[in-house]
Every structure is written in structure tokens, then in C-alpha cells.
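Biologist: I am new to this structure and would like a close look at a single part of it. Please begin with the search for disulfides, and then take me carefully through the surroundings.

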Amino acid sequence: MFKKSGLKAISALSFAGIAALGFINPASAENDADGFLINTAISRAAPDAAAIAALPSDIKEKGYLTIGGETTLPPYLFRQDDGITGIESSFMQALGQALDLKIKLINTDFGSMVIGLTSGRLDVAMSDFSDTPEREKQVTFIDYTKTGQQLIVAKGNPKKIHSVADLCGAIAGGPAGSLSLAIAKKQSDVCTQAGKPAVDVQSYPSASASDLALRTGRIDAMGIDYAIAANIVGASQGKTELTGDLFEAGYHGAAVSKNSEQLSKALLLAFQGIAKQGIDAQILKHYGVPQMHMDAPQINAKAGQQ
């Protein structure tokens, strides 16, 4: 079964507060050179000499990082006022400032992030990108925030789903390649081994498409990162609700190819510098999710959690 240890502090977060995230104006209408909306409430990161010195020569020469991220995920990364904004937008901007690099953001769904890194199309993959043991076998994570998963159901919870264990015989959906689908598939195996009906796991191209499937009755539940879950419910006009406790404590990270040891070192130094300046805490506090703060960035933190 799935662990709940370490989640009590996160589950104490006011979901009413998070739900309001979809309705705040997180940035000014002015774009920077990379297409991100400038958030004047968050300090600029100072260039980090050690992190810059650690960068691979080819990235120094081209002068930018190519980052793959899913840009349809409020409050993490989404389009507003002809620019990109959200929690991860602020982290990407801080990363570029610390490394003295421009950021080239490519809209990338979760199912394509790992292959984008291993093929060399992307330098980095981030944006609500969960560090998992399976992904750690293929790529290296530089983790900088904590996270947890949450279930969403139709208003009134007609199927009485209160935990992942209640998914046996239900239809569960989520974005293709997401952690939530992997969890549902694992639970389906648990169900069948116990002689119960399997979970009917349905894959959708995005969180918004999964949400539409839930609202229209095509699925019974969807699991997703807790901040996204609360944002979705807050915007549903009473059609959906959160259910149960948070589960699957974990981390969000910036992933790189396992062949990119220099880049992983540079990113770790950059995120450490961002944390020392208190900018990570500023970002999370501004978006109402201070519980996501890590004591310090780590390499492959999920492996250390096992």
C-alpha cells in the first residue's frame, strides 16, 4: 500500500487557501525576454559564480537552458496575459538568473519528458515533475520542493472513494505519463491480488482533459498533485471535491540526463544558492504553498526517502 508518513504537515494546509490560487494575479503583465511574466513580489536571484563555473561548456557557449515543462498546469506552469506564469515559472526564472542563462521553455507533456532528456532534445525537465524511483533509473533529479498526491471526485462523492484503496472496481483517470496514473496502476494490481475488481485506468493528454472526464462522468476519480487538485476543485464551480488524506509523499525536481553530471552539479549549486537567498521560500509563500519548502535541495531525494 501507499505510505502516508510525513504527510500530516502537508495535509494541514488550508485547501481553501490553495483553491484561491487559480484566482490570484501572480505576476505583472510585463514579460521578460524568455516569455515569462515578471513577478515583482519575488526577488531576483544573484548570479552564482560556483554554479556558473560548473556548467558544461556547450551550455555556456549557447547561453541558454532548454527546459521541457507542461504549460497547462495551474498553479505550477500556465499561460496568462500572453506569458508564462506560476510556481515553476518563478523557479525557472530564478534558475536562469543564478546561472546567468536565458531559458528556452518547450511545452512538453509528462510522458515525453524522460525521452526528451535521454534524446538530448531537452537539457532539463521540470514543472510539477515528480521524482520517482522508476524515473531515477533513467534520469537524475535535483529536487527543490516537497509534494503529495490528492484524489478528486465528483461533488457528493457518489462512489464513496476516500482513499487509493477504494479505487478497486472504479474508473480512475489522469494525465498520460503522470505519477497519479502509475499509482492507480499499482493499486489495480493490489486489488486483483486481493480478489477484488481491477481499477480501470484511463489516460488523458492533460490535467484539464482529466478534469473534464471527471465532470462529465467518464471517470470516477482522478489523482494529482495536491496544489493542482485544490486549484481544479476551486475552479469547478462546485462540480468536484477533494477526498481523503494526502498520499505518496515525494519531491518535485529538475531532471537531467544521467550523462549530464556537470549540469546536475551546476543545477544543485544554483538551487542551493537560490535557497540561501530565501527566494524558494518567497516563491512558495507567494503562491500559498509554504508547506512545499525543502530544508535543502538534494540529488535524487526520493531514493533517500525509501
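Modeller: When the whole structure is searched for disulfides, meaning pairs of cysteine sulfur atoms within 2.5 Å, one is found. This is a predicted model, in which local features need pLDDT of at least 70 and side-chain atom pairs count only at pLDDT 80 or more, while totals for chains, interfaces and linings use all residues. Residues are numbered from 1 along each chain as its sequence is written, and side-chain values use heavy atoms, with hydrogens and water left out.

The partners are Cys-168 and Cys-191, whose sulfur atoms are 2.0 Å apart. The torsion about the S-S bond of Cys-168 and Cys-191 is about -85 degrees, so the disulfide is left-handed. The pair links distant parts of the chain, 23 residues apart, with Cys-168 in the loop between strand 7 (139–154) and strand 8 (171–175) and Cys-191 in helix 8 (residues 179–193). Helices (H or I, at least four residues) and strands (E, at least two) are DSSP runs, numbered from the N terminus. Both Cys-168 and Cys-191 are buried; buried means under 20% relative accessible area, exposed over 50%, and partly exposed in between, with a 1.4 Å probe and protein chains only.

From C-alpha to C-alpha, Pro-158 and Asp-220 are 8.5 Å apart in space, although 62 residues separate them in sequence.

On a 1 Å grid over the protein atoms alone, a cavity is a set of points where a 1.4 Å probe fits but cannot get out, and lining residues have an atom within 4 Å of a point. Grid points are joined across faces, edges and corners, and a volume is the space filled by probe spheres set on the points. The structure holds four cavities of 30 Å³ or more, and the largest cavity contains about 100 Å³ of space. Helix 8 and strand 10 (221–225) are the elements that give two or more residues to the lining of the largest cavity, and that lining includes Phe-110, Arg-135, Gln-149, Ser-180 and Asp-225. By class, the lining of the largest cavity has five nonpolar, four polar and three charged residues, where Ala, Val, Leu, Ile, Met, Phe, Trp, Tyr, Cys and Pro count as nonpolar, Asp, Glu, Lys and Arg as charged, and the others, Gly among them, as polar.

The second largest cavity holds about 90 Å³ of space. Of the 14 residues that line the second largest cavity, the closest to its centre are Leu-151, Leu-167, Ser-180, Ala-184 and Gly-223. Two or more lining residues of this second largest cavity come from each of strand 7, strand 8, helix 8 and strand 10, and the largest share, four residues, comes from helix 8. The classes in the lining of the second largest cavity are 10 nonpolar, four polar and no charged residues.

Lastly, there are the nonpolar cores, each a set of buried Ala, Val, Leu, Ile, Met, Phe, Trp, Tyr and Cys residues joined through side-chain atoms within 4.5 Å. The largest nonpolar core has 68 residues, and Leu-65, Leu-267 and Phe-271 are among those with the most contacts inside it.

Key:
On a 1 Å grid over the protein atoms alone, a cavity is a set of points where a 1.4 Å probe fits but cannot get out, and a pocket is an open set with protein on both sides within 12 Å along at least five of seven lines; lining residues have an atom within 4 Å of a point.
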